[in-house]
Amino acid sequence: MRFLVPFIVLSAVVAAAAGPAEWVPARWHSHDIATLAELQDNPINCLLLEEADQDRVFVRAASERHIATLAVVRPRDSATLTRALSSGVDGVVFEGDFELPLLDTLRQSVRAAGRIPIELPSRARIRLDTDDPIAGTNQGLWPGLEIEHNGKTIVGPTSSPWINTNGGFLRFLRARTGAIVWLAVDPPPGTIFPVDRYLQAVGDAAIPGARWVISLDADLEKRLHAHDAAALADWKRLSEILRFYEQFRRYSNFGTFGVVMDRDTGGLLSSFLLDMLAAQRTSARIIPPGRVTASSLDEVKVLLDLESASLNPAEHKAMDDFVARGGTVLNPPPSAKFPEPSPARMLPERRDLDRLQSLWEMVYNATLRKNFGVRAFNTIGILTGVMTPDGGRTVTVQLLNFLDYPGEAITVHALGTWKRARLIRPDGPPQNLSVYPVKEGTAVDLDRFATAVAIQFQ
């Protein structure tokens, strides 16, 4: 084993040059060094390797190209950890639900070897109070419009076509942990997707500030490694959309509607309160218990407090001061407690939605036709998000299209007075947009876009 030490140290040094915060991850079912050429001029710089591909020579070749490698270890094959570490990988991804005593022991081995442990369990097993640089899960929705078996689009609680999105959960997890968030959801088994579905998966995670662990269906991956022309063209588009979203990586979610919530008030669920707010274009700012302060409430106008009983006296004082300054606090009914997800469930059950009804009516009435950061019009089938790099001095509106045809004739109202706006696209230079005043804000019009754009107000 002595000859491995220089290589292991080299691998750690190369990874440190980028750092876990900068890792753009992808599953890589190959240890053929030739496939690394596919990552040239591509933002992907971190590969998740299954046991069969944890090869020393491949790992060394990736390291020489400044590409980090991570060994995937699951509960059923935890005995392979020693072999995984000996390959020289930069870290270990513990994917799935381990028994905690075993997981803690394995993590200690990883840290003792100078590598980085990353946990990707089911949502119910996510450790929210973690100091890991990366938090995440392997349990999520494959994003897209909800379609019934007869081909009809399902209309959700907001009377618009319902988009299966992980956005609300990812916003909560990012706010709650403060970590870089990864979502490791694979395409449904046996499917062959057009590239637009992968672009949507990237955007669904990126808009709330997370990263989707790139995972291709078997057909596309096989054709890519065989240098099929169509697959390479799709891979280029995927590279463009990754690069597009990476420029917003350090931005924070923005909005003047605040929600104090935790795991027992629906934070870990999808298709729930946060996603319903997003569907009606309400920009919500998640404030976890323990972080309700004058500073966190500074830009908030209306606050939904789902965690009143768990707040400490200083937080209650901050909330009282918020009301004294003119802020509004919405106090939900006592029934607004919801179960955590399970390894087999991440969506609310019928009884959860029934209990949500009175709470949603209160929230809906408080937010209807009001601007809490951004309002977007003619955006049926389009996911939106609002981000800021500088505490609100600049605001960026993200638009992600889930339709089979371009979005057209879209109007966006941004709260406040803005002097200029520009359109940022994945496949072209920025373009200036005309701005004009509207009630409570500044508006722009967007004639047409295909998959993803961002509008930046300055």
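Modeller: In this predicted model, Ala, Val, Leu, Ile, Met, Phe, Trp, Tyr, Cys and Pro count as nonpolar, Asp, Glu, Lys and Arg as charged, and the others, Gly among them, as polar. On that basis the residues lining the second largest pocket divide into six nonpolar, five polar and six charged.

Colleague: Which element gives the most to the lining of the second largest pocket?

Modeller: That is β13, with four residues, while α5 (167-177) and β11 (252-253) each supply at least two.

Colleague: Why is T282 called buried?

Modeller: Buried means under 20% relative accessible area, and T282 has a relative accessible area of 6%, so T282 is buried. T282 lies in the loop between α9 (273-279) and β13, and leaving aside neighbours within four places in sequence, T282 is in contact with F257, L277, T367 and F372.

Colleague: What makes the link between the side chains of T282 and Q280 a polar contact?

Modeller: A polar contact needs a pair of N or O atoms within 3.5 Å, and the contact joining these two side chains is 3.1 Å.

Colleague: Why is the pair of W28 and W235 called tilted?

Modeller: Planes under 30 degrees apart count as stacked, over 60 as edge-to-face and the rest as tilted; the planes of W28 and W235 stand at 50°, so the pair is tilted. Because W28 lies in the loop between β1 (25-27) and β2 (46-49) and W235 in helix α8 (residues 229-246), the pair ties together parts that are 207 residues apart in sequence.

Colleague: What makes F257 and F372 an edge-to-face pair?

Modeller: Their planes have 75° between them, and edge-to-face applies over 60 degrees.

Definitions and conventions: Residues are numbered from 1 along each chain as its sequence is written. This is a predicted model: local features need pLDDT of at least 70, side-chain atom pairs count only at pLDDT 80 or more; totals for chains, interfaces and linings use all residues. Side-chain values use heavy atoms; hydrogens and water are left out. Buried means under 20% relative accessible area, exposed over 50%, partly exposed in between (1.4 Å probe, protein chains only). A polar contact is a pair of N or O atoms within 3.5 Å; within protein, one must be able to donate a hydrogen and the other to accept it, and residues adjacent in sequence count only if both atoms are side-chain atoms. Contact means heavy atoms within 4.5 Å. Rings of Phe, Tyr and Trp (its six-membered ring) pair if their centres lie within 6.5 Å; planes under 30 degrees apart count as stacked, over 60 as edge-to-face and the rest as tilted.
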